[in-house]
Amino acid sequence: MSDDPTHVREFFGARAADWDRRFPDDGPAYAAAVAEIGLRPGDAVLDAGCGTGRALPPLRAAVGPSGTVLGADLTPEMLEEAVRSGRDGKGGTATLLLADVGRLPVRDGALDAVFGAGLISHLAEPAADLRELARVVRPGGRLALFHPIGRAALAARHGRRITPDDLRAEPRLRAVLAEAGWRLVSYVDEDTRYLAMAVRES
């Protein structure tokens with residue numbers, strides 16, 4: 001379900017201080033997902049909706065000291081936790097931006113890839129927001145939409161069932177991505193992870 005920015009800020013702001021403690025074992029899953037993007041030393045990558053920045057260390061490791069890592073989130077409390085955890089630029093990890101992924105302060109085609117963990121279900125306007133992510137990525141660049149557990153496991157955790165109109169379902173996601181300038185190239189939805197990879201069309 002899509003959320004308006006105010007609701008997203010309120011939801012995550014109230015949970016920021018305990019977020020990493022609630023999910024202490026997700027680190028290896030984040031690292032494995034980042035490894036599949038195919039980043040190279042010197043690349044520029046954005047963690048869209050970075051939260052407390054759990055993906056930032058593996059992203060930095062992938063692009064190396066000559067690369068650029070940005071973390072954007074619209075919840076100040078989440079970014080404060082990222083700083084508290086040493087995942088900001090002062091630790092050489094990433095530059096953090098207080099920004100809505102639907103309106104990024106990044107020039108056209110500046111990035112090689114975007115990583116988004118748990119992002120897709122919180123986009124206020126999925127097609128428009130994914131189009132904005134396409135704007136900041138060069139043609140041929142990649143988008144990774146990730147969650148450390150799959151749709152069925154996540155729905156069960158919240159006492160729901162998955163439905164065909166779920167934006168993360170492959171047919172719907174493929175169509176929305178295509179509308180936004182992306183081509184879905186791989187899709188995994190298992191109990192232990194969700195990872196959809198797309199390529200920016202020229």
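This is a predicted model: local features need pLDDT of at least 70, side-chain atom pairs count only at pLDDT 80 or more; totals for chains, interfaces and linings use all residues.
One of the salt bridges joins the side chains of Arg54 and Asp26, with an N to O distance of 3.1 Å. This pair links distant parts of the chain, 28 residues apart, since Arg54 lies in the loop between β1 (44–48) and α4 (56–63), whereas Asp26 lies in the loop between α2 (19–22) and α3 (27–35). Both partners, Arg54 and Asp26, are buried.

A second pair is formed by Asp112 and Arg138, whose side chains meet in a salt bridge at 2.7 Å, N to O. Here too distant parts of the chain are linked, with Asp112 placed in strand β4 (residues 111–117) and Arg138 in strand β5 (residues 137–147), 26 residues apart. Asp112 has a relative accessible area of 17% and is therefore classed as buried, the limit being under 20%, while Arg138, with a relative accessible area of 27%, is partly exposed.

Arg40 and Asp43 also form a salt bridge, in which the closest N and O atoms are 4.0 Å apart. Within this pair, Arg40 counts as partly exposed at 48% relative accessibility, whereas Asp43 is buried, with a relative accessible area of 8%. Beyond these individual pairs, a network of salt bridges links Arg151, Asp166, Arg168 and Asp189.

Turning to the nonpolar residues, the largest nonpolar core has 34 residues, and those with the most contacts inside this core are Leu130, Leu133 and Trp182. At least two residues of the core are supplied by each of β1, β2 (68–73), β4, α6 (126–135), β5, α8 (170–179), β6 (182–190) and β7 (193–200). Among the contributing elements, α6 gives the most to this core, with four residues.

The surroundings of Leu130 illustrate the contacts: when residues up to four places away in sequence are not counted, Leu130 touches Ile120, Leu123, Leu143, Val176, Leu177, Ala180 and Trp182. In soluble globular proteins, nonpolar side chains tend to be buried together.

Definitions and conventions. Residues are numbered from 1 along each chain as its sequence is written. Side-chain values use heavy atoms; hydrogens and water are left out. Buried means under 20% relative accessible area, exposed over 50%, partly exposed in between (1.4 Å probe, protein chains only). A nonpolar core is a set of buried Ala, Val, Leu, Ile, Met, Phe, Trp, Tyr and Cys residues joined through side-chain atoms within 4.5 Å. Contact means heavy atoms within 4.5 Å.
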